[in-house]
Structures are given as C-alpha cells and as structure tokens.
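Please read the following report with the sequence and the model side by side.

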2 protein chains.
Amino acid sequence: MSNPCIICVAITGSLPTKANNPAVPITVAEQVESTQEAFEAGATIAHCHVRNDDGTPSSDPERFGRLLEGLREHCPGMIVQFSTGGRSGAGQVRGGMLPLKPDMASLTVGSNNFPTRVYENPPDLVDWLASEMLTYGIKPEVEAFDLSHIVQAAKMAEDGRLKGPLYVQFVMGVKNAMPADEPIFDFYIETLKRLAPDAQWCAAGIGPQQIVLNEWSVRKGGHART
Amino acid sequence: MSNPCIICVAITGSLPTKANNPAVPITVAEQVESTQEAFEAGATIAHCHVRNDDGTPSSDPERFGRLLEGLREHCPGMIVQFSTGGRSGAGQVRGGMLPLKPDMASLTVGSNNFPTRVYENPPDLVDWLASEMLTYGIKPEVEAFDLSHIVQAAKMAEDGRLKGPLYVQFVMGVKNAMPADEPIFDFYIETLKRLAPDAQWCAAGIGPQQIVLNEWSVRKGGHART
Ligand SMILES: [Zn+2]
Ligand SMILES: [Zn+2]
Ligand SMILES: [Zn+2]
Ligand SMILES: [Zn+2]
C-alpha cells in the first residue's frame with residue numbers, strides 16, 4: 001500500500017475539562033497512560049495539548065517536556081505531535097515548546113472564525129512558527145480550517161518556508177468556520193493534489209462530525225484520527 | 001438577458017493615498033465628481049470608502065452622509081454601497097453609517113489573513129452588522145475572501161440573518177488570503193449555486209489581478225467591477 005494508514009490520536013483537546021467529561025486525561029501522567037492504551041491499540045501519532053493544574057489550556061514547555069519524556073518511554077516509536085494552536089496563549093508563546101523537538105507540530109497558516117471569536121494566526125507568527133519547525137527539524141501538520149489554508153501551505157512549501165512533502169489535516173465541523181460538506185471535502189483533496197502532488201492528508205471532524213470525517217477520510221485515502 | 005450586467009465602480013479603495021497616486025479621489029467632492037464620470041460611462045454600483053482629511057481610512061457617518069447626498073444628486077438611480085470593511089476602524093464603529101440607509105453595504109462574514117495582519121470579523125460583529133442591514137433595509141454585498149465565507153453567507157440567508165437573494169463578491173489576489181486561481185473561482189461559483197441557487201455574484205481582483213478577475217467574471221456570468 002503506497003499510503004499506509006496512520007491512526008492519529010488526540011489524547012486531550014484544548015477545550016474539554018473534567019467537568020464536561022471525567023474521563024478526559026488532564027495531568028501528564030493521565031495523558032501518558034491514555035496514549036499508551038491508544039498506542040497499543042494501533043495509534044501511530046499522538047496529537048498533544050497540555051493543561052494547567054486547573055484544566056485550562058497551557059503552552060508550558062516544562063509540561064510538554066514531561067509529556068514527551070513519558071511518551072518516549074511508554075510508547076516507543078510513536079510520532080509525537082505538539083499543538084501550537086491558539087487556545088493556549090497568544091503570539092510566540094504558542095511555539096515556546098518547539099525546541100523540545102517533537103516529531104511533529106500543528107501549524108495553522110491562516111486565520112478564520114471560531115464559534116465565538118477569531119482564531120488569530122497573523123502572517124508574521126505563522127512564518128516564525130514555520131521557521132522554528134525548520135530549525136528544529138519538526139514536521140508540521142498543517143491545520144486547514146478553510147480552502148485558502150491549503151493554498152497557502154502549498155505556497156509555503158514551494159518557497160521553502162515549509163519542508164515538503166506537506167502533511168495537511170482538513171478540519172471541518174467548526175461553527176462559523178467550515179462545516180462538514182462532502183463536495184468541499186473532495187475539492188480540498190483535489191486542490192491539495194493539484195498544488196502539492198506529493199502531499200499527504202488526514203481529516204478531523206469536530207464533535208459529532210468526527211465519525212463522518214473519519215469515514216470520508218478512510219474511503220478517500222486519508223489517515224484516520226480518533 | 002436574465003442576468004443583466006452590473007458594473008461596479010470602487011471609487012476610492014481603503015488604502016491608496018495621494019502620495020501613491022495623485023488621481024485618487026479623497027475628498028467627498030472629488031469622490032462625487034469621479035463617480036459621476038463612471039456613472040455616465042455606465043457604472044451602476046458605487047462601492048464607497050471615505051477618508052479623513054489626511055487621507056487615512058475613516059468610518060465617519062458625517063462624511064458618508066455628505067457622499068450619499070452628493071451621489072443621490074449627481075448620479076440619480078445609481079446604487080450606493082458603503083464599505084463596512086475593517087481598515088477604517090474596529091467593532092461597531094464600522095457600521096455607524098448604516099442608519100443613513102445606503103442601498104447596499106459590504107459585509108465580510110468570516111475572518112482571514114491580509115498581507116500583514118489578521119482581517120478580524122468576529123462572529124458577534126458580523127451578526128450585529130447583518131442585523132443593522134436588516135433593520136435599515138440595506139442589501140449586503142458579501143465579501144468572500146475564502147470558501148467558508150460563501151458557505152457562511154448561505155447559512156445566514158437560510159436562517160434569516162441575511163435577506164436573500166444573496167449578492168456575493170469573490171475577492172482574490174490578496175496576499176496571505178486567496179490568490180487568483182481559476183479552478184477555485186469555478187468552485188466558488190459552483191458552491192454558491194449549490195447552497196444558494198438564487199444568489200448573484202461578482203468578483204474583485206486586488207491590484208494586478210483585477211483584469212484577470214474581471215475577465216473570468218464576465219465570461220462566467222458574474223458582474224464586473226472597475
Ligand atoms: Zn492527523
Ligand atoms: Zn489540537
Ligand atoms: Zn461588486
Ligand atoms: Zn472596499
């Protein structure tokens with residue numbers, strides 16, 4: 001198979017708290033334990049957020065460091081991906097953990113609306129995060145919340161700001177951004193193949209859209225995420 | 001012809017100054033004069049920004065009021081469209097001139113990157129601008145800087161936040177947003193027709209892309225803009 005199936009596990013999103021769901025792993029020890037279960041069940045990528053003790057999103061490099069250490073020990077060979085998403089802070093704080101050299105890190109290359117606010121990824125921050133990933137040899141997972149993000153990622157790969165081949169995740173089902181829409185999903189794939197023929201992709205559906213997106217993704221040649 | 005050709009003239013953008021181009025009309029009198037020339041040459045919509053005396057972008061309702069008055073007098077029957085774009089201010093200031101009841105106003109329903117910054121259109125501001133347009137009977141021109149903006153506009157028309165039929169402008173050629181890309185342009189048209197079959201559309205290319213976009217637009221059944 002030329003496109004081996006990669007199962008990506010997002011152990012802790014940036015939003016759920018113990019109050020929403022007591023099963024959500026919050027501490028580093030809980031995260032390592034729950035990732036190890038997924039790893040043993042076949043997951044190959046761990047997409048990681050970290051939390052403060054009170055459960056709020058954090059970008060603390062010390063926490064990311066302990067998580068990386070735990071995963072290296074308990075999930076040998078697993079691809080560790082750190083989130084540089086904006087819920088945990090603003091500006092360069094979002095990339096403060098990149099010197100820890102995770103295998104991958106998420107990177108959003110444009111801005112868009114979220115349910116109640118603007119997800120701000122200004123051009124200079126995007127370029128800085130991308131350059132840090134080049135410096136530390138980290139493979140970006142481009143988070144595409146809209147079509148222009150796919151185009152922008154291809155452009156950044158072409159002009160050397162990102163190292164190819166691209167790995168892009170299509171994110172759908174976010175209120176006020178892109179809903180889960182199959183013709184648009186197909187056009188995402190088509191556009192990515194046209195502009196970056198060697199790229200690989202996966203898909204993430206938010207909330208109830210997760211199962212729908214996984215089904216499309218598996219059927220159309222992407223990687224799955226749980 | 002079921003889709004009569006509308007020529008839209010953007011007399012003063014939000015950015016050029018006299019220093020860039022001495023021919024740019026800045027004062028209200030200059031704007032009225034230059035719009036009248038375009039009107040007599042066949043333009044049917046005037047897309048209007050206003051400026052402070054020093055040439056910087058403004059949202060001043062008093063200036064918009066004088067401009068509207070001048071256009072009503074010198075260009076009778078012309079459709080006057082006010083810009084609620086973000087270069088002239090932040091928050092509800094951007095819609096402070098809507099009680100003047102222009103025929104149309106621009107409305108961006110999502111956020112995206114601009115060349116050096118985030119173009120911020122938070123959900124609550126979008127909803128407020130849309131509700132002001134409903135209150136004052138103003139037809140919105142939806143400015144689509146990305147694909148999700150088309151989807152969001154269709155959703156807002158469906159749930160009553162915007163009064164249909166939609167009028168959408170595809171904006172391409174903005175650095176760090178969507179470049180001028182013909183397959184994407186075609187998909188914009190296809191998506192709009194699928195989600196809002198009675199919608200009309202036009203296109204705007206920024207800078208050197210203007211001619212390209214006008215050519216696509218005329219050929220594919222949209223309205224032109226100069
Ligand atoms: Zn993934
Ligand atoms: Zn994440
Ligand atoms: Zn127009
Ligand atoms: Zn404008």
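Helices (H or I, at least four residues) and strands (E, at least two) are DSSP runs, and they are numbered from the N terminus. The model described here is a predicted one.

**The chain and its copy**

Chain A has six helices and twelve strands, and of its 226 residues 53% count as buried. If one takes the contacts in chain A between residues at least 6 apart in sequence, 67% of them join residues at least 24 apart.

How does chain B relate to chain A, in terms of a turn and a shift? Chain B can be laid on chain A by a turn of 180° with a shift of 0.0 Å along the axis, and the RMSD is then 0.0 Å. The two copies are thus related as by a two-fold rotation axis. In chain B, the C-alpha nearest this axis belongs to B:N112, which places it 2.6 Å from the axis. Of the interface residues of chain B, 100% are also interface residues in chain A, so the copies meet through the same surface.

**Zinc ions**

The zinc ion listed as ligand 1 is coordinated by A:E141 through OE and by A:C202 through SG, at 2.7 Å. These two residues link distant parts of the chain, since A:E141 is in strand β9 (residues 139–144) of chain A and A:C202 is in strand β11 (residues 200–205) of chain A, 61 residues apart. A:E141 has a relative accessible area of 0% and is buried, and A:C202 is likewise buried, at 0% relative accessibility.

The zinc ion listed as ligand 4 is coordinated by B:H47 and B:H49, each through NE2, at 2.1 Å. B:H47 counts as buried at 5% relative accessibility, and B:H49 counts as buried at 15%, because buried means under 20% relative accessible area.

**Cysteines without disulfides**

A disulfide is a covalent bond between the sulfur atoms of two cysteines. How many disulfides does the structure hold over all chains? There are zero.

**The nonpolar core**

The largest nonpolar core has 104 residues, and those with the most contacts inside it are A:F170, A:F185, B:F170 and B:F185. Leaving aside neighbours within four places in sequence, A:F185 is in contact with A:F170, A:M172, A:W201, A:A203, A:L213, A:W216, A:S217 and A:K220.

**Backbone details in the loops**

Some backbone angles deserve a careful look, and the table gathers them for both chains.

| Residue or bond | Backbone feature | Angle |
|---|---|---|
| A:G164 to A:P165 | cis peptide bond | omega near -10° |
| B:G164 to B:P165 | cis peptide bond | omega about -10° |
| B:N176 | positive phi, not a glycine | phi near 70° |

Where do these residues lie along the chains? In chain A, A:P165 is found in the loop between α4 (147–158) and β10 (167–172), and in chain B, B:P165 lies in the loop between α4 (147–158) and β10 (167–172). A:N176 has its place in the loop between β10 and α5 (182–195) of chain A, while B:N176 lies in the loop between β10 and α5 (182–195) of chain B. Although they sit in loops, A:N176 is buried, with a relative accessible area of 10%, and B:N176 counts as buried at 9% relative accessibility.

A:N121 is found in the loop between β8 (118–119) and α3 (123–135) of chain A. Is A:N121 buried or exposed? With a relative accessible area of 1%, A:N121 is buried. Its side chain is joined to that of A:R94 by a polar contact of 2.4 Å. Not counting residues up to four places away in sequence, A:N121 touches A:R94, A:T108, A:G110, A:S111 and A:V126, and also B:N113 and B:V118 of chain B.

Conventions. Residues are numbered from 1 along each chain as its sequence is written. Chains are lettered from A and ligands numbered from 1 in the order in which they are written. This is a predicted model: local features need pLDDT of at least 70, side-chain atom pairs count only at pLDDT 80 or more; totals for chains, interfaces and linings use all residues. Side-chain values use heavy atoms; hydrogens and water are left out. Copies are superposed by least squares on the C-alpha atoms of residues with pLDDT of at least 70 in both. Contact means heavy atoms within 4.5 Å. Donors are N, O and S atoms within 2.8 Å of the metal (3.2 Å for Na, K and Ca); water is not among the atoms, so sites may look incomplete. Buried means under 20% relative accessible area, exposed over 50%, partly exposed in between (1.4 Å probe, protein chains only). A disulfide is a pair of cysteine sulfur atoms within 2.5 Å. A nonpolar core is a set of buried Ala, Val, Leu, Ile, Met, Phe, Trp, Tyr and Cys residues joined through side-chain atoms within 4.5 Å. A polar contact is a pair of N or O atoms within 3.5 Å; within protein, one must be able to donate a hydrogen and the other to accept it, and residues adjacent in sequence count only if both atoms are side-chain atoms.
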